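Open the model in your viewer and keep the selection tool handy. We will walk through it one stop at a time.

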Protein chains: 2
Amino acid sequence: MAIVTIVGAGLMGSAVAYPLADNGHSVRLVGTHLDGEIIQSCKENGYHPRLKRDLPAGVRPFFIEELTGALEGAEIIVSGVNSLGVHWIGETLAPHVHPGHTIIAITKGLEVDAQGELVILPDVVRGLLPAGVREQVNYAAVGGPCIAGELAGKRHSLVIFGSREAETAEKLASSFRTPYYHVWTTTDLVGLEMCAALKNAYTLGVGLATGLLEKSGGVDPSGAHMYNLSAGLFATATHEIERMLAVAGVERSFAYGLPGAGDLYVTCVGGRTIRFGTLLGKGIPFGEARQIMAGETLESIEIIRVMAAAIPQLERRGLLGKDELPFMRALIEIVVHGTPVDLPLETFFGRG
Amino acid sequence: MAIVTIVGAGLMGSAVAYPLADNGHSVRLVGTHLDGEIIQSCKENGYHPRLKRDLPAGVRPFFIEELTGALEGAEIIVSGVNSLGVHWIGETLAPHVHPGHTIIAITKGLEVDAQGELVILPDVVRGLLPAGVREQVNYAAVGGPCIAGELAGKRHSLVIFGSREAETAEKLASSFRTPYYHVWTTTDLVGLEMCAALKNAYTLGVGLATGLLEKSGGVDPSGAHMYNLSAGLFATATHEIERMLAVAGVERSFAYGLPGAGDLYVTCVGGRTIRFGTLLGKGIPFGEARQIMAGETLESIEIIRVMAAAIPQLERRGLLGKDELPFMRALIEIVVHGTPVDLPLETFFGRG
């Protein structure tokens with residue numbers, strides 16, 4: 001049994017405490033500076049107000065000011081912040097990380113560097129750790145469909161752990177795996193993280209259909225929804241995810257596995273990303289829609305911005321044709337340039 | 001402009017009359033012996049009672065007894081019956097078909113021959129036509145996500161027409177394509193039809209999750225559904241569809257395109273297949289569940305039975321390993337052998 005320290009006491013960071021505790025690990029849950037009230041509640045009565053559940057017995061809550069103690073003796077560090085906190089967590093962990101540590105990120109996102117190269121978040125964290133240490137730390141991440149509240153409720157969840165070292169992925173999987181938390185492994189960390197990021201962007205796109213339905217007056221008197229369009233957009237999304245995986249030279253089968261189709265499906269079932277897409281589909285301009293959802297983290301927007309920066313570089317390097325990824329390009333128009341929603345359906349699937 | 005005769009006045013057969021009429025074709029809609037009341041209504045007042053819409057102006061309804069006249073001069077015949085009617089339609093059309101005719105099936109299903117070979121439905125129809133004529137008829141089929149009521153309501157629908165002859169597929173696509181009916185083409189008729197069939201079987205499987213949720217007492221007090229499981233099963237489905245396409249040596253990209261992921265998605269959104277899966281997931285034995293839904297066509301059951309017959313042959317020929325397609329095998333247990341629902345999640349994705 002290991003000491004596992006989770007940094008970030010939001011929904012997903014806290015949810016992984018449940019399988020870890022069930023496996024008998026010593027689990028420490030550290031709130032960020034944004035999680036003060038959550039940790040206060042956990043300390044007072046063991047109740048996690050966002051998960052709306054009691055923490056598993058034995059999980060110890062810590063304020064961020066107590067981080068040093070919380071990391072003492074830890075073998076596994078879970079990075080449980082959202083993608084906007086990835087630089088913060090890299091800098092925060094830097095003084096504490098030592099050789100042999102394993103850092104597993106549940107963060108999902110992508111960044112783009114000055115040369116237009118896509119960078120996965122575990123590599124962003126890596127870059128923020130001290131030279132000499134960073135090479136001796138194991139990095140991993142989680143992909144696949146997993147709503148935090150369901151994991152905490154011990155509902156069946158099928159996920160995939162990725163690490164460039166097979167041994168790290170396998171070891172982590174054994175630590176986390178329970179009869180309800182089903183964990184597969186891969187060494188294709190980049191492919192896994194690309195899916196996790198891209199699916200957010202495309203969920204926004206699938207959400208447009210719901211908004212377009214509302215704009216058109218809703219379900220018509222004969223009962224017609226716009227599920228055909230949603231499903232067509234869903235398929236365009238998995239198709240373009242596969243294309244991006246091919247461009248990156250990573251595991252293309254993820255497109256029709258847990259990290260691609262599976263994670264896209266669960267994100268499309270509900271939540272803030274699909275809601276934001278719906279607002280845009282209704283015809284609400286981007287800026288206004290963003291204000292309506294002020295205060296909510298919308299990773300989809302960041303991913304689309306990252307793709308807007310990356311695509312010209314991919315084209316310049318001859319990796320992507322001008323007529324490829326038409327759906328993503330349409331999302332860029334809407335999100336980055338604020339143009340009204342007008343999906344060029346005829347150009348999808350390589351019709352050009 | 002062509003004369004197009006649709007045989008079968010159910011939902012989907014009738015729905016394709018809308019884009020055809022919009023394109024100025026002369027459209028004739030022939031009811032089967034089961035569609036008498038529908039045709040009666042259409043003749044009396046132009047209203048299609050199942051679609052709950054007026055037929056497009058100019059579409060002429062025919063009783064089955066008027067088939068000969070309805071086929072006179074027709075260039076394109078649409079086979080609009082469900083998969084259980086495919087033998088009937090082959091035999092019914094046999095005396096009327098002549099060289100140069102194009103038959104496009106909206107029927108979805110698969111059959112298995114005495115040797116355990118999978119046979120797509122256009123080939124079943126072909127086999128029923130007179131020798132000497134059958135070689136001179138063009139066959140095609142439709143894949144991709146398309147709820148009939150939405151197509152009739154002129155909602156955007158993204159579909160794919162398949163024919164072994166590229167020219168046939170392209171010509172048909174031009175005849176049907178409208179600003180709301182977006183048609184791609186493929187020469188991989190077998191891959192297209194396999195997806196159309198398999199997605200039905202797997203939708204039943206995804207529906208199990210909803211039933212398992214109900215069986216467990218429903219959404220828990222903290223709000224946890226079982227979407228993680230649904231999404232995990234969805235991804236397992238697309239993954240196994242890809243595997244079957246590979247085994248058949250056909251277009252594997254359909255798994256993450258309109259015929260696979262797209263059609264599976266729209267079928268999972270609602271309808272009788274997902275409802276039947278839900279009954280089974282709740283723990284209702286197969287026979288009882290079938291009785292609850294008596295009178296409803298459940299193509300999923302037929303497909304699962306076909307796969308039960310085909311899998312041993314595929315294994316014998318060395319095309320499929322004993323540990324492959326674990327989800328389909330679980331569905332066969334439930335549907336063919338009537339065993340209680342118990343999904344071997346740990347064996348999915350090649351974990352064996």
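The tour goes from the interface to the core, then to some helices and a glycine.

A word before we start: this is a predicted model, in which local features need pLDDT of at least 70 and side-chain atom pairs count only at pLDDT 80 or more, while totals for chains, interfaces and linings use all residues. Residues are numbered from 1 along each chain as its sequence is written, chains are lettered from A and ligands numbered from 1 in the order written, and side-chain values use heavy atoms, leaving out hydrogens and water.

**Stop 1: the interface.** Colour the two chains separately. Here 56 residues of chain A are in contact (heavy atoms within 4.5 Å) with 56 residues of chain B. Together the chains bury about 4,500 Å², 61% of it on carbon and sulfur atoms; buried area is the accessible area (1.4 Å probe) that two parts lose on being put together, summed over both. Now select Arg155(A), Asn228(A) and Tyr256(A), which supply 18% of the area chain A buries against chain B, more than any other three residues.

**Stop 2: the core.** The largest nonpolar core has 139 residues. Such a core is a set of buried Ala, Val, Leu, Ile, Met, Phe, Trp, Tyr and Cys residues joined through side-chain atoms within 4.5 Å, where buried means under 20% relative accessible area, exposed over 50% and partly exposed in between (1.4 Å probe, protein chains only). Show Tyr202(A), Phe276(A), Met328(A), Phe276(B) and Met328(B), the members that touch the most others. Helix H9 of chain A (residues 189-215) gives the largest share of this core, 14 residues; helices are DSSP runs (H or I, at least four residues), numbered from the N terminus. Beyond its neighbours within four places in sequence, Tyr202(A) contacts residues including Ala237(A), Glu240(A), Leu264(A) and Met328(A).

**Stop 3: a covered helix.** Select H12 of chain B, residues 272-281, where 8 of the 10 residues are buried. Among them are Thr273(B), Phe276(B) and Leu280(B). The buried residues of H12(B) pack against H9, H11, H13, H14 and H15 of chain B. Just after H12(B), Gly283(B) takes a positive phi of about 105°.

**Stop 4: a glycine.** Move to Gly338(B), in the segment after H15 of chain B. Is Gly338(B) buried or partly exposed? Gly338(B) counts as partly exposed because its relative accessibility is 42%.

Conventions:
Helix = DSSP H or I, 4+ residues; strand = E, 2+ residues; numbered from the N terminus.
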